[in-house]
Each structure stands twice: as C-alpha cells, then as structure tokens.
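Me: I would like to go through this structure slowly, asking each time what a term rests on. Could you take me through it?

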Amino acid sequence: MNTELKKVMVIGGGIAGLTAAWELSKLNVHVELIEKDCFLGGHAIKYACKATDKCQQCGACSVEAMLKNVDNEPLINVHLATEIDKVNRNGKFKVTLKKSTMDFSSQSLLQGFSKNNSPLYVITDKDKCENIPEGAVELSELGSEGEIDVDAVIMASGFKPFDAKIKSHLNYENFSNVISGIDVERIKRENGEVLRPSDGKVPEKIAFIQCVGSRDDRLGNLWCSKVCCAYGLRTAQTLKYQNPEAEITVFYMDIQNVSKDYPAFYEKCKSDFKFVRTIPADIYPLENDNMLIRHMNEDDGVAIKEEFDLIVLSVGIMPGENNSYLSETFGLDLNESGFFSNSNGLNSALTSKEGVFLAGTTSGPSDIATSIAQSGQTASEVIKYLGGA
Amino acid sequence: MTLEPVKQDINISTDVLVIGGGLTGLKTADQIADFGYNVTVIEKNNEAGCFFSGQEDLNSELSIVNKAKDNSKIEILTETVLVKSTGFAGDFNVSLSKDGKTTEKNVGAIVVATDFSVEPLNENFNVDLSENIVTQTEMESILSDSDKKKSVLEGKNKIVVFLTSFPKESNPLALQRILKSSLTIQDVEGSQVYVMVDNIKLASDGLDRLYKESRDKGVIFIKTEDSPEVTVNGEKTSIKFFDKILRSEATITSELVVIEENFSPDMINSGISELLSLDLDSGNFFQTDNVHRFPVKSNRVGVFVAGSARKIQPLSSNYTDAENAAIFVKDFLGNGTVSVSADYGVVDPDKCAICLTCYRSCAHGAIYWEGDAAIISPIACQGCGNCASECPMDAIQVGEYKDDIILEQVNKTLEGSEAESQIVAFCCQNSALEAAEMANDLDLGLPDNLKIIKVPCAGKVDVDYILKAFVNGAKGVMVLACHTGNCKSEFGNTFASWRVNNLKKSLDNIGINQDRLCFETVASNMGKSFQKIVQDMQDKIS
C-alpha cells in the first residue's frame, strides 16, 4: 500500500522524537514534529562529548547528527514552542495545537543548539536583551495553533531529570560546588573541560554520588535510571584524563554495565577510582568552598570524613512532567512509576490505544543508543499500522 | 568502465538472507516478509524457533515462531550454514550448505541474528553439578514442574543459595531469572533464599521493583566483592564469605545451590565474521563498540546484525533489534533500485598493480578484484577515501575529493604573501568540521590564520596533501579526526594518525620542525575543544 500521503504526529523533539521522525520520513511519511521548548534536541543535545583519548560511546554526538538529518528533511514539519491542546479521534486524529505554556522568562535570550532551519537564539524579552544576535527570533513568532489531522501519533515526550533540590541533605541548592550530572554536561560543553563553579579551577578531589533520585524507596522511585553509572563513570574518566592527578571517589549501591566493552571499562574504573559502597547521608561546607563527606569505612566500620572540592550528583531519569496531561488527553495508561505503559511487555512501542505509539524515555529510562533503537522499532510499528507493510 | 564516479540508479536483488533461526531471526524474517520481500532463514540446528527457556511469556514466543513458519514469503532451511559469500550490498552471492550439498542464492541484504550459548559457571567455584548444586536452567525446570517442585522443595525447609556475578560481572537478564526463581522458592513454606552477589544488575525495566518485592518476601541479598568459597559436604554445601556488616568471615550451609550461567556468543560468529568481512567486538559479538553502528548496522552496507548476535540483552530488546533490522532492510532495498551519489571511489585500472593495499585498508569490505585491477563497489563504498590515501600508485580517486582538487585547495588557501603565517587544518566532515562550525557560530575566537579544508574522513588525508601545504609555506598543518572508536569508517582516524606520526619522523630530516604538524581528535559537538586544540597549535608554533 502507498503510505505517501500518510501523516504522523511526533510529540517531542528529543533524540527519540527526532529519530522516529527521521525514520518515518525516509519511508515517505509526512511528520508533524511538536516540541514544547524553543529548540529541538531535548536533553541529549546539551550533553558533552565524554571522550578521553578515545571515544567512550556516550552517544552525545549522534544527537547532533540526527538533528541535522531532521533539519534538512522537507517531509518533517517542525512546530517549536508548541503543545497539544486537545485531541479528537474520529478515525484519524484531529489534534489542536496551542502555544507552549512553558515558562521561558528566566532568561531574556535563550540559546539553543539547533541549526539550519531552526533558530539558534530566541528572544523572550526584547527590552532586557542587550546584544541581539543575528538571526535571533522572538518568542512570539514561534508556536503553532490550530488543528492538524494525522493518521497516527508517537509519544516521544521524554523525561525529567531528577531535581537534586528534593534531596535537601545533599545541599545542591546551598553549595556551589555540589553540581548535578546535567550541570557537568553544560560546564564541559561551555569550557571544553570540567571546572568547578565557585572559582573555575580544575577539580582535584571529586566525589560522584550515584543513584540520586533513582532506586529510592522513600521517594517511591523504584527504578534504576540505567544511564547514571554510564555517564557518571564516563565523566569521571574525562576528569581523570584532563587531570591525571585527580582523586576520584564513587559512592554507589551497584554498578551497572556500561556499553559493549564493559568488563574492560569497569576494570579500568576500579584501578582509576575509589569505589565506596554507600550513599552518603550528609555533606558539610568548608571554608575554601570545599565540602566534607562523612561515610563509614568499609574495612573497620569507623566513620571517616573526607574533603572534596567538587561533588557530582548523578541524578536519575524521572517521568516527563506532562505525562499525566498527555496520558489523559490521549486516553493512555501510566505505569506505577509514572511512565507510559506499553501494552505488550515485549514491545516498547505499543500502547493500549490503536494508532498511538511510544518512543524513548516516555516508557521508562533509556540511554541515547536505546532511545534510537526504540524509535526505529516505533517507526516500524507505525509503518505496519499505516498499512505500509 | 568509467573513471569518473557517476550518480546512478542500480538495480538490486530484493531477496534477503537471515542467518539464525532463533526468535530474533524469525521475528526479523517475519517483519521483512511483511514488508513484501522474500526471506531465506538458515538455522544450523535441526529445528528453527527453538528458544531459551529462561525467558518470559512462552505464548507470545510460540506465536512468533508459528507466524514466521506459516509465512509464505519465508523459506526456512534447517541444518544449513553459510559457507561462502561474494559480492556486495544489493548483490550478494551466498552459498548455503546442508549435508554437504551446496545451493547458491543471490540476495540484496543479509541480517545476522545468531543465537547465544549458555554455560554453567560451576567451575569458577571448583564444584561439580549435582542434585544439590544445579544450574539456573535446571532450577527453572524444577520450578515449572509442580511434581518436581514438590519433591525438591516442599516440606524440606531448604536453604537455597543463588551465586551470581562471581568472578565475572553479570547482567540484567541473569538477575531477572534469579529474582523470579527466588520469589517462587521463597513462597514455599520453610524455604529461605539467599542471593550472593557483587553488583546487582538492575538496569532493566521492572527489576528494581522485583528486587524490592523479593526483599519484602524475605529473600536475603548478601553483597560481597570477593568470590565465596564453596565446599561440598555430602548433601550440604557450605559457602564461606566475608560478611561486610559483621566484618568477619561467615558461612551459610545450604541444601541447594543455584549456579549462574554465562551467556556466550554463538560459536559460528567467528566463521561468519570471516565469510562476510564483519567486525566483531572484544567479546566475539558482532559490531564494534562504535556509536555509529547502533542499533543494528555493521561495518558493511546491506548487512545488519540483530539480537544476541551483537549483544546479550533482554528479549524485548532483541525484538527491538529485529524491527530495526527490518526497517533498515526496507530502507535499503526499497523497490529494488539503489540511488548512488557520485562520491564513491574509482580505481584507475592502468595504474593499479593489484597490490591489494586498498582491499586491506577498506573498513567496509567494498573492494574486490577482477582481471588486472581492483574494483570498488559504488553501493558498498562509503567514500571515506582511506584506500585512496594508502594506494602506493595513487590509482584511486574519490568523487569530489580527488587529489588534484584537494591539492588545488591547498594552493588557493596558501596563495599570497601571508602563506607563512597560515595553519592548514584538514577537518573530517563528521567531527572536526562540525566542531569548527560550532566554534565559529558561537564566536569562540578562532584565529584568522586558520584555513580549513574539508575531508570526508581523516583517512582521506594523503601525505602528499600535508607536504604540499608545507612546500607552499604553511606555518602549521593539522589533521583533525574523530576520536578512536568513533570513526564511521572504523579506522580512518587511526590510519591518519599513523601517517602523521610517520611523516613527523621524516620532517626533521627535511628541515621542518615536527611540531608544525599535529594530529588531534575532537567531537562534533565540542566547539570549545576545537578552539583549544587550534589555540594550542598556534601557541606551539608562534
């Protein structure tokens, strides 16, 4: 059958949505790509390369490549700063779009990583904006409204990083040198290396605290975020590479497998870092913007205090903040963790509603490579549904 | 034949070969057949659709097997192996052997979906398997048979110990099996389950919840980094370990020990890798650890790898692979015509001495030879140009990156009186060029004397180009590549670094300070790193 005139809406312009859109467009399907933010690429486009003297397979560069694919694809119609208002199902889907309700007011000028067709800069407040870069677009110019008819919908609305403020004892809000895994990515991208926020110095004694927000019974977060061991250890390797003198301690519960060459990678980590099997309860400030972590020495059970000049909190993957709204709008179920549930345990793309599919972290934590794979599967299911099989 | 690569449409075969008739192979075949292509599945064993019992949801597995077996577009050949393959994407000639009898087929695409094998790890603990020391698979068969379960567990008040992750790190698939068995055993009155483990591999959907459920039901998890000492005393087995909470040695006496199994790559992987020129990773699974290959691409066009052929992963992920492989096959085969752009390599048969240097330096298996010259397949060639740089006869030219074009670019770049202050940077289009654009867009301050020359891969940077730049007066020359393990052509970056390092050694001899030449790696999304690398070079030579 001919799928040439079929149209699919992809909700979310992160790596999952981009991949699904791109795979569908390659098979001659029109795509309406909806992104509530001002830029495409989601969280992953903000991630830094984690290569040392060799690539550590973090996949950050593949997001940029996919964004470029989508930017250059005429079959994909991008709606930035746009959200779903309502949906009518009458055979097809009649989706009403509205301008994004996200709060963009924290900065007068937003900078995104999008290229080519998409704006790189968005002005939210012209009066406060001192230097307006060439090609900048005003927020008011973005955002689509009105109705679009589509044959199928892909939910690729993504995740929310755990807000480290919630675990107040870690003092993320209070100490400038306690940073999250997301902050590390930003700092690395801006500087080409990781520097500590308080004084821009190369950190020498660094702690990584794993499972921040994940595997946390008290918060009801009974899931492993799957990505934090990977990004935590890879980032630690880049720190060790940029400063071989750096002393790095990893506080952890269980280390998960990272990439295909895991055994060799983990052995290297064990020889380069100190692993302490406990999640510290408290972090105390010191005068030089350093911090003290108290934990139990595993050998003799005595409490020890250790000083660090940078602490990285490996925050986990939480359900997307619009999950309940989107699930209600489309009549989908969320699972007990708050992610979208797939109707078939062996197929992450399928939902209980015909014509509505899932991709990427909507259905649970996954890394970049897995999100790309799942989106390919989703595209395949959509093609079958559209009768292209 | 023409020496000029041309944009053209090439007719190809749309039949597909799937190697491996396990669940992933059959699922892949079924999906591809549903897209309208004929599929041949070869399975080395005497039955296709046999699957590993340790995985869930038998009904859905059976339905996949039956659906594939009933599909009229799928031909399943059992006890059949691949013995020979020639040709390229769109036109593979494969020889399939059954009982010594060989049949030939022409296929457009190949999916490798080999299985894994399962071995018990009892030798790691120096114990033999017995009634009291069983494998995970045996445990599962006991639990799935109510009579066996009754006779082994009920009224016996047994202490059952699972040993996992010693000495080798385990995986979520193994943990899922242990948790499921533990829950069932713990439910039998009087039974107590211990799981001895180093790192619990929970990175799979639903496992942390299952882990909590097990603990809530009374399963005891003992975390210890060192392998426990297992000693058999008649029907009992004692397991000695260092208890981290008590900080002393402790011993559990168990009536039933369950030994973990290792998932190993299929024995036939090495053979297939050789026949199809496919890369394996360090663990003998297909596909190198390279983000550009994920999810199911191989180093060769038209050959895809799915499921446990490339990685041990949960069944749902194998199915994800199967659907990806199918969609990649559909994308490649289309309606039987492949459009080739004009950026592939062409060998000049008059210059070619068939030394086969090109054949050896091609990561994509795109080169063969016929008569007096090597030939490059326009479909299989990825245009990286590594072969062109390696060819001792300069017999290979690649699309828009012909030697004379690049040399002319070097000339133009260094025209005029300022040549002596210029830095020429040969930038791989996949990494350094992108990073340079980003540095430029973000105004990170690239020096004015930096002159960028785009190359399809650092592997395309011929020693001649570098020398030409120096001869024309360049102050410095940089070859900027993707990081090791991130090259789309697998080792174009490595070849480039070899060339630079070799050349550096001889530069001193001809009176050029070797610091004026460098090889660096940079990622496409790291504009700031690009700026730093250039600045370092600038500082070094000024």
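Predicted model: local features only at pLDDT ≥ 70, side-chain atom pairs only at ≥ 80, totals over all residues.

**Helices, chains and bonds**

Reply: Residues are numbered from 1 along each chain as its sequence is written, chains are lettered from A and ligands numbered from 1 in the order in which they are written, and side-chain values use heavy atoms, with hydrogens and water left out.

Me: What makes these stretches helices, and which residues of helix 1 of chain B meet helix 8 of chain B?

Reply: Helices (H or I, at least four residues) and strands (E, at least two) are DSSP runs, numbered from the N terminus. In helix 1 of chain B, the residues that meet helix 8 of chain B include B:Leu23, B:Lys27 and B:Gln31, and among their partners in helix 8 of chain B are B:Tyr319 and B:Ala322.

Me: How many residues of chain B are in contact with chain A?

Reply: With contact meaning heavy atoms within 4.5 Å, 62 residues of chain B are in contact with 70 residues of chain A.

Me: Why is the pair B:Asp205 and A:Lys226 called a salt bridge?

Reply: A salt bridge is a side-chain nitrogen of Lys or Arg within 4 Å of a carboxyl oxygen of Asp or Glu. The closest N and O atoms of B:Asp205 and A:Lys226 are 2.9 Å apart, so the pair meets that rule. Across the interface of chain B and chain A the rule finds 12 salt bridges. Of the elements that give two or more residues to the side of chain B touching chain A, helix 8 of chain B gives the largest share, 10 residues.

Me: What does the salt bridge of A:Glu147 with A:Lys94 tie together?

Reply: The closest N and O atoms of A:Glu147 and A:Lys94 are 4.0 Å apart. A:Glu147 lies in strand 9 of chain A and A:Lys94 in strand 5 of chain A, so the pair ties together parts that are 53 residues apart in sequence.

Me: Where is B:Pro167 found?

Reply: B:Pro167 is found in the loop between strand 11 and helix 5 of chain B, and a cis peptide bond, with omega about -10 degrees, joins B:Phe166 and B:Pro167.
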